[in-house]
Amino acid sequence: MTVFVEKVLRVQPNVKKLYLLLRASDTNSATQRLQEEIIRKDLFRLLKENLGSKFKSFVSEKLTLVPGDISQQDLNLKDLILRQEICNQIHCIINFAATTDFDERYDVALGINTLGVKHVFNFAKSCINLKVLVHVSTAYVCGEKGGLIVEDPCQMGVSLNGVPGLDIDMEKKMVENKLYQLQEEGATENDIKMAMKDLGIKRANAYGWPNTYVFTKAMGEMLVGTLKENMSVVIVRPTMITSTYREPFPGWVEGVRTIDSILVAYGKGKLTCFVADIKAIFDVIPADMVVNAIITSMAAHANQPCDNIIYHVGSSITNPVRYHNLKDYGFRYFKAKPWINKEGMPVKVGNVTILDNVTSFQRYMFIRYMLPLKGLEVANAAFCQYFQGTYLDIRRKIHIAMRLIDLYRPYVFFNGVFDNMNTEKLQIAARQGGIENECLFYFDSKIIDWEDYFMNIHIPGIVKYCFK
């Protein structure tokens with residue numbers, strides 16, 4: 001969302017108003033979130049330089065904060081006057097809201113990624129001047145499907161593995177019953193958290209999805225299909241989003257995403273082993289290109305209702321990059337520019353052991369870590385729990401590593417490519433709008449030189465914004 005807000009304010013200064021729904025209990029909390037999570041980000045550096053002393057007044061004029069909660073009925077909008085103003089004024093709604101943790105609590109993910117869609121659409125139906133609604137999803141609602149993955153909708157109640165009975169209302173009821181049961185049993189907050197995480201993975205796996213995130217996003221898409229009626233609705237499905245390619249400057253990134261966690265761990269000298277199909281394509285797309293695709297789709301479909309318009313925004317068809325490229329880029333970058341740790345020492349990196357299947361990884365973990373841990377367990381018992389702290393810490397780290405492999409396995413062995421026929425047509429339409437539109441709202445991944453991007457833009461951006 002932050003990249004979208006910055007882009008619109010910078011290139012479309014005549015926009016009348018942006019209403020930002022932020023999860024907050026009141027205006028003061030929303031204002032604090034705006035400042036800390038959006039305006040103070042380095043992302044807004046160029047806009048601040050361009051506007052100088054007028055920046056604050058410009059932002060105040062263009063941005064209106066809306067405290068609320070997408071997971072609640074009526075978006076939990078308590079200011080009825082503001083609600084009516086929004087319903088009368090807005091022309092476009094973009095649903096960016098999502099929790100992207102693979103193993104998020106099921107109650108949280110279901111509330112935001114799935115039921116949040118229902119609440120947004122119910123609100124949209126009261127907006128009298130609405131021209132288009134863009135729902136931002138993920139290309140990985142396809143689960144672990146291989147081959148060519150087309151821009152087709154998720155059908156209500158249809159699972160990926162053919163198991164019948166997928167019902168969103170029943171999933172909601174199941175979550176409510178489980179929470180009630182846990183509370184009646186006096187479960188701690190941490191017990192409830194872990195139970196909800198486990199339930200999410202269990203329910204996702206039951207219907208063929210690999211994790212809670214993509215399962216709840218897929219169910220969100222199912223609701224789009226049933227709730228859109230005669231509204232003009234677009235679904236944009238990005239792949240793995242990476243740092244900005246060009247705007248407002250190259251290399252800005254917020255948080256450590258899927259593929260970046262590998263680079264961070266490697267650059268810090270903590271990654272000695274990696275499990276993946278080294279020849280597989282991993283589909284990445286810079287954040288500014290995703291935003292440009294969203295803006296272009298808004299313009300293309302305003303007041304033009306049509307059935308099931310879905311755009312894959314990625315690179316696997318037109319400009320693929322593979323895991324062996326990532327391994328090479330990471331090694332060359334950190335060999336030439338090692339990260340300096342908090343002791344002021346450069347961290348040396350070496351070649352990573354690549355294991356091409358999970359069985360090999362489990363064997364590696366057993367020999368390298370589990371056997372020594374068993375020895376430590378015996379010593380701990382012999383020395384009256386003297387090594388208890390060390391033992392528990394190592395066991396916890398091994399458990400985390402194994403859980404992460406379970407979560408990332410579908411992506412490091414993913415053998416699908418994302419068809420982008422609709423997206424190609426959208427790019428053609430943008431070009432027909434003139435060279436200015438094409439330059440301002442570029443999102444064709446063919447223009448990216450991956451070696452230059454990773455070596456000179458993305459990895460330096462990760463080091464700057466993500467290394468602690």
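1. Helices (H or I, at least four residues) and strands (E, at least two) are taken here as DSSP runs, numbered from the N terminus. The model is predicted, so that local features need pLDDT of at least 70 and side-chain atom pairs count only at pLDDT 80 or more, while totals for chains, interfaces and linings use all residues. Residues are numbered from 1 along each chain as its sequence is written, and side-chain values use heavy atoms, with hydrogens and water left out.

2. The second largest pocket has a volume of about 1100 Å³, a volume being the space filled by probe spheres set on grid points that are joined across faces, edges and corners. A pocket is an open set of points, on a 1 Å grid over the protein atoms alone and for a 1.4 Å probe, with protein on both sides within 12 Å along at least five of seven lines, and its lining residues have an atom within 4 Å of a point. The lining of the second largest pocket takes in 30 residues, and A265, K270, L271, A401 and L404 are those that lie nearest its centre.

3. As to where this lining comes from, α10 (258-267), β8 (273-275), α13 (358-382) and α14 (388-412) each supply at least two residues, and the largest share, 11 residues, comes from α14. By kind, the lining divides into 23 nonpolar, 3 polar and 4 charged residues, where Ala, Val, Leu, Ile, Met, Phe, Trp, Tyr, Cys and Pro count as nonpolar, Asp, Glu, Lys and Arg as charged, and the others, Gly among them, as polar.

4. An open sheet of 4 strands runs in the order β3-β4-β6-β10 with parallel pairing, two strands being paired if DSSP finds at least two bridges between them. Its edge strands, β3 (92-95) and β10 (309-313), each pair on one side only. Strand β6 (residues 233-238) and β10 pair in the parallel sense over 5 bridges, and R237 stands opposite H312 in β10.

5. With a disulfide defined as a pair of cysteine sulfur atoms within 2.5 Å, the count comes to 0 disulfides. C127 is in none, and the nearest cysteine sulfur, that of C87, is 4.4 Å away. C127 counts as buried at 7% relative accessibility, whereas C384 is exposed, with a relative accessible area of 69%; buried means under 20%, exposed over 50%, and partly exposed in between (1.4 Å probe, protein chains only).

6. L160 is placed in the loop between β5 (147-149) and α7 (168-184), and L160 counts as partly exposed at 34% relative accessibility. L160 and P238 lie 78 residues apart in sequence and 20 Å apart in space, C-alpha to C-alpha.
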